[in-house]
Number of protein chains: 2
Amino acid sequence: MDESAQKQHQWIEASYRLRAENLSQAQALAKAIAYEQTVELPPEQITDPRLLRDVVAQVKAVEQDRDEPGAWRAEIHYNADLANQQLSQLFNLVYANVSMYFGVRLMDLVLPPDLLRCFTGPRFGIEGLRQLLNVPRRPLLCTVVKPRGLQLDQMTRLLTSFVDGGGDIIKDDQNLFDLKMSAFEERVGRCAEALDTANLRRGDQPCLYFPHLAGPDEELVERARIIRSFGLKGALFCPLILGLDRSRRLAQESGLALMAHPAYTGSYTNRRHDGIEHGVLMGTFFRLMGADIVAATGFGGRFAYTQRQCDGMVAAMTQPLGDLAPALPAPAGGMYLDGITRLVERYGKDLMMLVGGDLLGRSCGVTDSTQAFVSTLEQA
Amino acid sequence: MDESAQKQHQWIEASYRLRAENLSQAQALAKAIAYEQTVELPPEQITDPRLLRDVVAQVKAVEQDRDEPGAWRAEIHYNADLANQQLSQLFNLVYANVSMYFGVRLMDLVLPPDLLRCFTGPRFGIEGLRQLLNVPRRPLLCTVVKPRGLQLDQMTRLLTSFVDGGGDIIKDDQNLFDLKMSAFEERVGRCAEALDTANLRRGDQPCLYFPHLAGPDEELVERARIIRSFGLKGALFCPLILGLDRSRRLAQESGLALMAHPAYTGSYTNRRHDGIEHGVLMGTFFRLMGADIVAATGFGGRFAYTQRQCDGMVAAMTQPLGDLAPALPAPAGGMYLDGITRLVERYGKDLMMLVGGDLLGRSCGVTDSTQAFVSTLEQA
């Protein structure tokens, strides 16, 4: 840390929702957070003016939460140097220990320019993905290779049908997982071959296939290489299982587009007074990690979030964030044909509908149902 | 997956707490979990008998939760093959998607022998740590290099004082973090030197120093090597930031003892009807990862859990789990001298008290307060 008294710090502005009986209790909790997350010692033990100036976070305001009756909001500023220009440490700094408090939720996070410049963010982003797909405007369609347990020829038929129906991206289910690297190579290779063959019939708008990048940590680099070796452009990651910065590096070094799966996000997002707000986790943090696509549940279906939470997710994925490209929001988890128009009306065309059951289960077959979805997306 | 109809599966037995209005609603939720976590398609779309037999999880029982009035318990069994002999996939299988449900908590997890044999677990465990320290019986004492912002000579003085006072392990605060690898090497090297010098005065009961293993994913292997190069035996990891399996591998390949920090555990554990029970996450999963020591808040102090939750944590860290060594429970987070006797009475002597503020902040100085703590531990 720069020890010059002249140094002007840049600040990370974090906003927390607090559960507290009254203002003075909320103020005490805010102060506890400011010390917990930086020096992790009681205030009376920190007397060195240098630590108070450069290390202890600063409570800038505590007031009633306008969005949550009876709750409070604390604005806490951290010296950006404490994030060490790095994703794991930033993630650690703004919430890790207070996760063990009761009634503290990280609601918003504003990062200063010098810190944002330490992150390269999404390699492709929305524009890059649209270029790969050669689909400049309409909302996109993604489906899932599932269920786990399909035979390889069932998988390749599913892929082929989706490509023939005009779909954009087909990804592995996050439960799809090959024990042996050789089985992974065979499966991904066969799927890539089926994709390429079917794509020949599509002309200049290829469908992309994103296998699930998973396995023992020792094999992840090699599995990413295998994916690339078949000419595939992206992969599905579970960042909260692999690690945020581990995922960032795997995508960055492999050159693969990163589709982030929401596995375990609910443990962070699903309570009003605890955890991390949807947009901060799946928007800000996942973009800093480099997610090109964020599969996000909650837009109806079997995991319903509030309108405000969904709005916040889409905003955080797409709004300006330094020079980082926007991530493509992919509403997922019980998406139905009927819901598409409403989502596009609200969020615009830079969306990818991630549809599993409602597309795969129709009696007309996958090709026809894919066509029906794409046609709805074209008209949306 | 083995396709032989003859095959006898081994089963992962998972127990979930469900929030539901009545039995039939609880049964429906249990069935939804069984499908969600395996085939991720609605039951009416799964008709293949092979999938029903080998892939879809089986709901074995749904009954009232004896520990939580108004809640339900579902016993769900997963074919152990679905865990692919691997930590990330097991973690994915038993909870990842249902984290996005409301009112589902993973309460217990019993793993079959063949699956347990895929994990090496703690390298040192309680016995191995006691051998390194040459302290066969009494409860152990750990403190923390903090606050962040200390000058290097303040750190080495702190280390020296703790060693002179007879402490067992001193670890970095999880906020301690060096931007540059050269600064990390200098800091850890100087601390190791101070440790070695002071240890010479101790004879055959050395104090150990565990630096925080953190940084960009690209640097973790090299930083682990640096730690080892100074003769240090262990490091502090934040597994829910680095990734569980990433941490497992880093510890395994480096040979370092793994002290797991509870950063972010609260997001999983702190609600009664959601997330993962303390013992399952910090006992079972952290042991499978290879944690030799688990720093665990909740035993009083500023993060208070219930007696039952604490009992469950200690039990899961130490009870038989295949051939895996037990992990050393390290109660942490606002631990005071006064509380030691009570904890030792309840949990026995295989504990490590992790004391920060109450040891570092005493007016008598660190050496004397360390002596007071060790003496209390000897009498406990």
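Across the interface of chain A and chain B, 46 residue pairs are in polar contact, both partners having pLDDT 80 or more; a polar contact is a pair of N or O atoms within 3.5 Å, where within protein one must be able to donate a hydrogen and the other to accept it, and residues adjacent in sequence count only if both atoms are side-chain atoms. The model is a predicted one, in which local features need pLDDT of at least 70 and side-chain atom pairs count only at pLDDT 80 or more, while totals for chains, interfaces and linings use all residues. Residues are numbered from 1 along each chain as its sequence is written, chains are lettered from A and ligands numbered from 1 in the order in which they are written, and side-chain values use heavy atoms, with hydrogens and water left out.

On the side of chain A that touches chain B, helix H10 (244-254) gives the most, with six residues; helices (H or I, at least four residues) and strands (E, at least two) are DSSP runs, numbered from the N terminus. This side divides into 31 nonpolar, 27 polar and 19 charged residues. Here Ala, Val, Leu, Ile, Met, Phe, Trp, Tyr, Cys and Pro count as nonpolar, Asp, Glu, Lys and Arg as charged, and the others, Gly among them, as polar.

How many residues of each chain take part? Contact, meaning heavy atoms within 4.5 Å, joins 77 residues of chain A to 79 residues of chain B. The two chains bury about 6700 Å² between them, 48% of it on carbon and sulfur atoms; this buried area is the accessible area (1.4 Å probe) that two parts lose on being put together, summed over both. Met100(A), Arg148(A) and Tyr264(A) supply 12% of the area that chain A buries against chain B, more than any other three residues.

The arrangement of the copies comes next. A rotation of 180° with 0.0 Å of shift along its axis superposes chain A on chain B, with an RMSD of 0.0 Å, by least squares on the C-alpha atoms of residues with pLDDT of at least 70 in both. That is the relation of a two-fold axis. Within chain A, the C-alpha of Gly243(A) comes closest to this axis, at 2.0 Å. Because 100% of the interface residues of chain A are also interface residues in chain B, the copies meet through the same surface.

Charged partners also meet here. Between chain A and chain B there are 10 salt bridges, each a side-chain nitrogen of Lys or Arg within 4 Å of a carboxyl oxygen of Asp or Glu. One of them pairs Arg271(A) with Asp274(B) at 3.8 Å, N to O. Arg271(A) is buried, with a relative accessible area of 11%, and Asp274(B) is buried too, at 5%; buried means under 20% relative accessible area, exposed over 50% and partly exposed in between (1.4 Å probe, protein chains only).

Glu253(A) is exposed at 51%, whereas Arg249(A) is buried at 18%. In chain B, Arg246(B) and Asp217(B) form a salt bridge at 2.9 Å, and both are buried. Shared partners join Asp217, Arg246, Arg249 and Glu253 of chains A and B into one network.
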